[in-house]
Amino acid sequence: MAVIASFDVNRTTEQEVSSLSSMTSEEETRRVRRLEAEVEILRRSVTELKTSGPCATKQSSLEADALSVAQEVRGLRHHVQSLRMHSELSAIRADLESMRSRLPSEATEARKPPAAISVSEERSQNVSQSSALTGSVYTRWGNGHCPSGSQLVYSGVTGGSHYTFEGAASNALCLPLSPVFEDYVLPASVAYVYGAEYEVNVHSSNELDLKCSVCHIPRAATFMVPATNSCHTGWTMEYSGILMAGHHTHKAATEFVCMDSAMEGMTGTGFGTGLLRLEVS
């Protein structure tokens, strides 16, 4: 058994100085009072000598003694006042330190969550608080789940432009499975979004729609490293997979993506098929 002990040098020193100052202040006050009594006696003696007759030498000596004692009294009074001020300042510092030591615990108590939270409430709180979290977000192509250590924002299906459309958008989209459609009049010219499917005849997911998920992690930055299955020193691997893009003969441009090695697929999304994904050789 062992304990860890801490020692607050500054606080202890202030308490000792305050106590010492209080004791010294009382002693100095008593000394001042004694000296004031002596000064009064000397003054009376000087007055009596002045009225009784010529005693210049003795009178001058007594006056000098009285003046010296009076100066010492003034010095002691100033010293006592300084000690009292120091004692008061030490007491104020101690009060401030006590208040500061209580602030963190009170702030922690204020931030504590309720003791009893149901699973559904906890999940809804996690989702609602995701926008306030720091970190970064990335899309996991070919998988409807997020790796351990990350938070699922939403899962969906991959979409993009039709592979025969020239000038169409090149980036892929992770579309939610429950889209919200606005009721408005379409203009004459529009862009189109189609579903995507695997074109990998050696895999069981061939011609299935691509699953995807959007994941949040506490780390600040994410990027794809092509042509490797490991990360650089200091970086964390989120997932590994196969580099994929559209066919070089297709009219529509595409982007290179890291397709999860699981290559999860699904049928019946209703988005149609336009974006094709093939392995990079």
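The model on screen is predicted.

**Stop 1: cysteine 146 and cysteine 215**

The structure contains two disulfides. Select cysteine 146 and cysteine 215 for one of them; the sulfur atoms of this pair are 2.1 Å apart. Cysteine 146 sits in the loop between β1 (136-141) and β2 (151-160), while cysteine 215 belongs to strand β5 (residues 209-217), so the bond ties together parts 69 residues apart in sequence. Colour by accessibility and both cysteine 146 and cysteine 215 come out as buried.

**Stop 2: cysteine 174 and cysteine 212**

Next, select cysteine 174 and cysteine 212, which are joined by a disulfide with an S to S distance of 2.1 Å. The torsion about this S-S bond is about 95 degrees, so the disulfide of cysteine 174 and cysteine 212 is right-handed. Cysteine 174 is in strand β3 (residues 173-176) and cysteine 212 in strand β5, 38 residues apart, so the pair links distant parts of the chain. Cysteine 174 and cysteine 212 are both buried. With bonded cysteines counted along the chain, the disulfides follow the pattern 1-4, 2-3.

**Stop 3: cysteine 231 and cysteine 258**

Now show cysteine 231, which takes part in no disulfide; its nearest cysteine sulfur belongs to cysteine 258, 9.7 Å away. Cysteine 231 has 35% relative accessibility and therefore counts as partly exposed. Move to cysteine 258, which is likewise in no disulfide. Is cysteine 258 buried or exposed? Its relative accessible area is 16%, so cysteine 258 is buried, the cut-off being under 20%.

**Stop 4: arginine 140**

Finally, select arginine 140 in strand β1. Arginine 140 counts as buried because its relative accessibility is 12%.

Then display the surroundings of arginine 140, leaving aside neighbours within four places in sequence. The residues in contact with arginine 140 include Cys146, Cys212 and Cys215. Also among them are His145, Pro147, Lys211, Ser213, Tyr239 and Asp260. Cys146 and Cys215 are the disulfide pair of the opening stop, and Cys212 is bonded to cysteine 174.

Conventions:
Residues numbered from 1 in each chain as written. Predicted model: local features only at pLDDT ≥ 70, side-chain atom pairs only at ≥ 80, totals over all residues. Heavy atoms only, no water. Disulfide = S-S within 2.5 Å. Helix = DSSP H or I, 4+ residues; strand = E, 2+ residues; numbered from the N terminus. Buried < 20%, exposed > 50% of the residue type's maximum accessible area, 1.4 Å probe, protein only. Contact = heavy atoms within 4.5 Å.
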